[in-house]
Amino acid sequence: MSHKIRTKGAQALADALKALKTMASVTILNLQGCEIGDEGVVALAEALKINSTMTTLNLENNSIGENGGVALAEALKTNSTLTTLDLEGNSIGENGGVALAEALKTNSTLTTLNLEGNSIGENGGVALAEALKTNSTLATLNLGWNSIGENGGVAVAEALKTNSTLTTLNLYNNSIGENGGVALAEALKTNSTLTTLNLEGNSIGENGGVALAEALKINSTLATLNLGWHSIGENGGVAVAEALKTNSTLTTLNLYNNSIGENGGVALAEALKINSTLTTLNLNSNSIGDNGGVALAEALETNSTLTTLDLWRNSIGENGGVALAEALKTNSTLTTLNLGKNSIGDNGGVALAEALKTNSTLTTLNLSDNSIWIKGLLAFSEAFKVNLTLTTLHLKENKTTGNIALVLLKSLESKTTLTTLNLGYKSIEDDEALALYEALKTNSSLNTLDLQSNTIDDNGAQALAEALKTNSTLTTLYLQNNSIGSNGAQALTEALKTNSILTTLDLQNNLVGDSGAQALSEALKTNETLTSLDLWHNSIGSNGALPLAEALKINLTLTTLYLQNNSIGDNGAMALSEALKTNTTLTTLDLWGNSIGDNGAQALAEALKSNSTLTTLDLWRNSIGDNGALALAELLKTNSTLTTLSLGYNSIGPKGAQGLYWVSQTTNCHILK
C-alpha cells in the first residue's frame, strides 16, 4: 500500500522501525510517491542502521535530494538485511551517487539497486563503477536516465571486466556515445555473469554497434540485449547479423529504430536461418522494406526458435506480406507477429488469412493500419471459421466497408478461438456494427471487443444490446468516442438486466445524457456482474446523477464508477453522498470536473465517515473552497479506508490547504493537490 507520509510521519515510522528491530513481521516497506523528502529519509536511514528485518525498501518519487542519498548510504554500511533498494525518480545527484558507491564497497547484502532518473552524472557513474570492482553481492543495477556520459560508460565497462556478480545492467538513455559503446563491447568479451544489458537511447552509432556485434561472437552469457534508438545503421545491422550466426546464448534482441534498412534486414534474415537460440526479435521502425520482409519470411520457413517478431512500421508492402504469409504455412514456432503500420494491402491480407487456415501456433497478429479492404476482410472472415489458435487480432485503422464488414463479423458466429478483437478507430460504421447482433449471439470465444472511436449510433448500440442478451462470453466492451445517445443507452440497459457475463462497459464520450443515465441506473439495480462503468463526458447532469445514486444504494457488484466531466454539481454530489452511506462495494469514484462546490464536498465528507469501502475519490477540477477542504480534512482523521484523494485545481485557499496539510501528517491517505 502507498502511504502519504511526510516528514513528521516518517520520523514516527523510524521510531516504529527501531521498536520492531527484533520482529520478523516487517520485511517490505513501500513508500512510493509519498514525498517524504530529505528529512524524512534521514529518519528512515537512522532506523535502517539498527533494523534487522527489512529486506525491501521502495522510495520511488519521494523528492529525496543529496542529503537523503548520503544518509541512506551511511545506513547501508551497517545494515545487514536490506536486499532491494528502489530510489527511482529522486534527485540524489552526484554526491548521493558517490556516497552510495562508497557504501557498496562494504555492504554485503544488497542485491538490487534502482537509481533511475537521479541525475548522478558522470562522477556518480564513475564512483559506482569503481564500487562494482569490489562489491560481490549486487546482481541488478538500474542507472537509466542519469547522464553518466561517455566517461561514466567507459568506467562501468572497466568494472564489468572484473565484476563477477552483476547479472542485469540498465544504462538506458545516458549519452554514453560511441566510445562508451565500444568500451562495453570490450568488457563483454571477458565478462561471464551479465545476462541482461539495456543500452537503449545512448547514441552508440555504427561503430558502437559493430563493436558490440564482435563481442557477441565471443560472449557466452548475455541473453537479453536492448540496442533500441541507436542509429547503428546498415553496417551495424549487418555486423549484428553476423554475430547471431555463431552466438548461442542471446534469446532477446531489440533493434528498434536503428535505420538498419533493407540490407540489414536481409542480413538478419540470413542469420535466423542458422541461429537456434533467439526467441524474440524487435525490428520496429527500421525501414527494411519489401526485400527485408521477403528475406525474413524465407528465414521463418526454416527457423525453429523465434516466437516473437516485431516488424511495425517497416515499409513492408504487398510482396512482403505475401511472403510472410507463405512462411506461416510451414513455421511452427512463431506465436506473435506485429505488422502494424505497414502497407501490405488487400493481397497481403488475403495471403495472411489463407495462412491462418493451416497455421497452428500464431496467437497474436497485429495488422493495424495496413490498407486492408474488401478482399482481405473477406479472406479473414473465412479464416476465422477454421483457425483454432489465433486469440488476438488487431485490425484497427483498416477500413471495413459495407457488406464486407458484415461478412467478416458474421464469421464470428462459427466456432473460433479468437478472444480479443480490436476494430477501433473508424474501422467500422454503424451499419457494420449491426453484424455483431448476429455474430455475438452465438460466438463462444470472444471476451474483449474494442469498438472505440467509430461512428456507432443508437441503431448500432441497439444491435449490440440485443447480442448481449444471449452472448455468454464477452466480459469487456469498449464503446468510447462513438455517438450513442439515450436510446442506445436504453437498449443497453435492457441487455444489462439479463446479461450475467459483462464486467466492464466503457461509454465515455458518447451522448448518453440524463435520460440515458436514468435508464442505466435501472439496470444497475438488478445487474449482478458489472464491476466497472465509465460514463465520462456524457452530459448526464444532476438529473442523471440522482438515479445513479439511487441505484448505488441497491447495487452490490459495481466497484468502479467514472463520472468525469458531467456537470453533476452539488446536487449530484449530495445524492451520491447519500448512496455512499450504505453502499458496500464501490472502491473508486471519479468526479473530476463536475462543478462540485463546498456543499457537495461537505456532503461527501460526511458520507465517508461511515463508508468503509471507498479507497479512491477524484475531485480534481471542481469548485471546492476552504470549507469543503476542511470538511474533507476532518473526515480523514477518522476514515481508515480512503487511500487516494485528488483535489487539484479547485479553489482551496491557505486555510483549507493548511487543514489538509496537518491531517496528511498522520493519515494513510495519499492527497493529490
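Which side chains meet in a salt bridge at 3.0 Å, N to O? Here are a few friendly notes on that and related pairs.

1. The pair is Glu214 and Lys217, whose side chains form a salt bridge at 3.0 Å, N to O. The term stands for a side-chain nitrogen of Lys or Arg within 4 Å of a carboxyl oxygen of Asp or Glu. Glu214 is partly exposed at 36% relative accessibility, and Lys217 is partly exposed at 38%. For reference, buried means under 20% relative accessible area, exposed means over 50%, and partly exposed lies in between (1.4 Å probe, protein chains only).

2. A word on the basis: this is a predicted model, where local features need pLDDT of at least 70, side-chain atom pairs count only at pLDDT 80 or more, and totals for chains, interfaces and linings use all residues. Residues are numbered from 1 along each chain as its sequence is written, and side-chain values use heavy atoms, with hydrogens and water left out.

3. Searching the whole structure gives 21 salt bridges. One of them links Lys105 to Glu102, with the closest N and O atoms 2.9 Å apart. Lys105 has a relative accessible area of 37%, so it counts as partly exposed; Glu102 is partly exposed too, at 39%.

4. Glu522 and Lys525 also pair up, at 3.1 Å from N to O. They sit three residues apart in helix H20 (residues 513–526), which means about one helical turn separates them. Helices here are DSSP runs (H or I, at least four residues), numbered from the N terminus. Glu522 is partly exposed at 38%, as is Lys525 at 31%.

5. Finally, a network: Glu270, Lys273 and Glu298 are joined by salt bridges that share partners.

Definitions and conventions: Helix = DSSP H or I, 4+ residues; strand = E, 2+ residues; numbered from the N terminus.
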